[in-house]
Amino acid sequence: MHSLGVNSYRFSISWARILPKGRFGDVNPDGVAFYNALIDGLVQKGIQPFVTICHYDIPHELDERYGGWLSPEIQKDFSYFAEVCFKLFGDRIKFWTTFNQPNLSIKFSYMDGFYSPGRCSEPFGKCALGNSSIEPYIAGHNIILSHVNAVSVYRNKYQGKQGGQIGIALSITWYEPFRNTTIDLLAVKRALSFGASWFLDPILLGDYPTEMREVLGQSLPKFTSKQKKRLQSTKLDFIGLNHYTTCYVKDCIFSPCEIDPVNADARVFSLYERDGVPIGKATGAPFFHDVPRGMEEAVTYYKQRYNNTPTYITENGYSQASNSNMTAKDFTNDTGRITYIQGYLTSLASAIRKGADVRGYFVWSLLDDFEWNFGYTLRFGLYHVHYKTLKRTPKLSVDWYRKFLTGSLLRRKFRDESQLHKFNSY
């Protein structure tokens, strides 16, 4: 990272590494030592740690004891875990995100059953347990209140002496109407409301989006008056946006649709082509297309909806499809990644020039990694990783990104030198 020239590195702390049994057991010293070594190494190289407290996983103990995110008990556990992190690492960490894209992970865990704990019901999927119509919103409600509790602890006990900031990161796909009709335009509004706004509206505006309440009715939990006061008094310092792609959506209220694994609860269906024309160039991930205009559109939308709250692009990246028969040579000439990143940064720069308060950008990802249910079949890294020997080989995008960070590419592309500092993050 130091040779690449980045000034910040985003990573998450595994809850179970620090507290294998949650608040019902001891802190694991090996887990603490692991993260201390990483944080100290980053600081020594002048790289700012940008830390996520919870990226999907929770200690199994908490699911066994009370059902994990389906129980309000987890709010106590998350507050306890967050405070342990603030105590142990907060003297060196200036940027905290409570959760990474819960608007996506909760649907995959409790609506579709793709992720642990694998709960769902028909027509979304066939799981042994679960209720896809209710459980995602119970879990989401508990995450929102857990976020508020953690922010409150940080504000009241640690922020003053540690001097850091705290926010949350959400997944944001940009949506365009499949047809320029009233029902598809309304479908876009619903898709956005059931996405990042599911979490950001309560946190920043005090309650769930109107579109969610209209569709879900009593299935969507309500905040008590006491909880609403806490939401209003516990604002975040920044929003993290994870953006990869744009897609079309069409209405599913007045027209029959297949089940969409991400957007079916909004009564919409996502498509990546219209009249035989793809919305953008395909990438290695079937659900991500290269549509750079969506970056500016999305950033501008959230700027307007949330009063230009300071924002970081916490994820943006390009995947290459992979299989075990391929070698590093098959991946290192990654011109598609360069084109993708350049296009999205150009779009982001346009949003910034028009007033969006965007303060940093992180590529997903530094290294090829394990992509959840896709395992090792997708490679997002700037560096190729041989999964047996762990040898790391820089791809062509490394040289491009290094030049970008030093400003040599930007000076040719943009005349406004004041924008350079906005991008020098990883």
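Reader: How do the residues of the lining of the largest pocket divide into nonpolar, polar and charged?

Author: This is a predicted model. In it, the largest pocket is lined by 33 residues. The lining divides into 20 nonpolar, six polar and seven charged residues.

Reader: Which element gives the largest share of the lining of the largest pocket?

Author: The elements that give two or more residues are strand E1 (8-12), helix H2 (29-44) and strand E17 (383-385). Nearest the centre of this pocket lie Tyr 9, Phe 11, Trp 364, Leu 367 and Asp 369. The largest share, four residues, comes from E1.

Reader: What volume has the largest pocket?

Author: The pocket in question is the one with Trp 364 and Asp 369 among the residues nearest its centre. Its volume is about 1300 Å³.

Reader: Which residues are the closest to the centre of the second largest pocket?

Author: This second largest pocket holds about 930 Å³ of space. Its lining counts 44 residues. Those closest to its centre are Leu 104, Phe 108, Val 262, Phe 287 and Phe 288.

Reader: The largest share of the lining of the second largest pocket comes from which element?

Author: At least two residues each come from helix H5 (102-110), helix H7 (182-193) and strand E8 (268-271). By class, the lining has 27 nonpolar, 13 polar and four charged residues. The largest share is four residues, and it comes from H5.

Reader: Why are H6 and H10 oblique to each other?

Author: The axes of helix H6 (residues 135-162) and helix H10 (residues 225-233) come within 10 Å and cross at roughly 55°. Angles under 35 degrees count as roughly parallel, and 65 to 115 as roughly perpendicular. The crossing angle of roughly 55° therefore makes H6 and H10 oblique.

Reader: Is the crossing of H6 and H10 left-handed or right-handed?

Author: On the H6 side, the contact residues are His 141, Ile 144, Leu 145, Val 148, Asn 149 and Ser 152. They meet Gln 227, Arg 230 and Leu 231 in H10. By class, this contact has four nonpolar, four polar and one charged residues. The crossing of H6 and H10 is left-handed.

Reader: Is H12 roughly parallel or roughly antiparallel to H13?

Author: Helix H12 (residues 335-353) and helix H13 (residues 396-406) have axes 8 Å apart and pack at about 30°. Angles under 35 degrees count as roughly parallel. So H12 and H13 are roughly parallel.

Reader: Which residues of H13 make the contact with H12?

Author: H12 passes H13 in a right-handed crossing. From H12 come Thr 335, Arg 337, Ile 338, Ile 341, Gln 342 and Leu 345. The contact divides into six nonpolar, three polar and one charged residues. The H13 residues are Leu 396, Ser 397, Trp 400 and Phe 404.

Key: Residues are numbered from 1 along each chain as its sequence is written. This is a predicted model: local features need pLDDT of at least 70, side-chain atom pairs count only at pLDDT 80 or more; totals for chains, interfaces and linings use all residues. Side-chain values use heavy atoms; hydrogens and water are left out. Axes are lines fitted to C-alpha atoms, for helices over the stretch in contact, and angles run from 0 to 180 degrees between N-to-C directions. Angles under 35 degrees count as roughly parallel, over 145 as roughly antiparallel, 65 to 115 as roughly perpendicular and the rest as oblique. A crossing is left-handed if the near helix is turned anticlockwise from the far one by less than a right angle, and right-handed if clockwise. Contact means heavy atoms within 4.5 Å. Ala, Val, Leu, Ile, Met, Phe, Trp, Tyr, Cys and Pro count as nonpolar, Asp, Glu, Lys and Arg as charged, and the others, Gly among them, as polar. On a 1 Å grid over the protein atoms alone, a cavity is a set of points where a 1.4 Å probe fits but cannot get out, and a pocket is an open set with protein on both sides within 12 Å along at least five of seven lines; lining residues have an atom within 4 Å of a point. Grid points are joined across faces, edges and corners, and a volume is the space filled by probe spheres set on the points.
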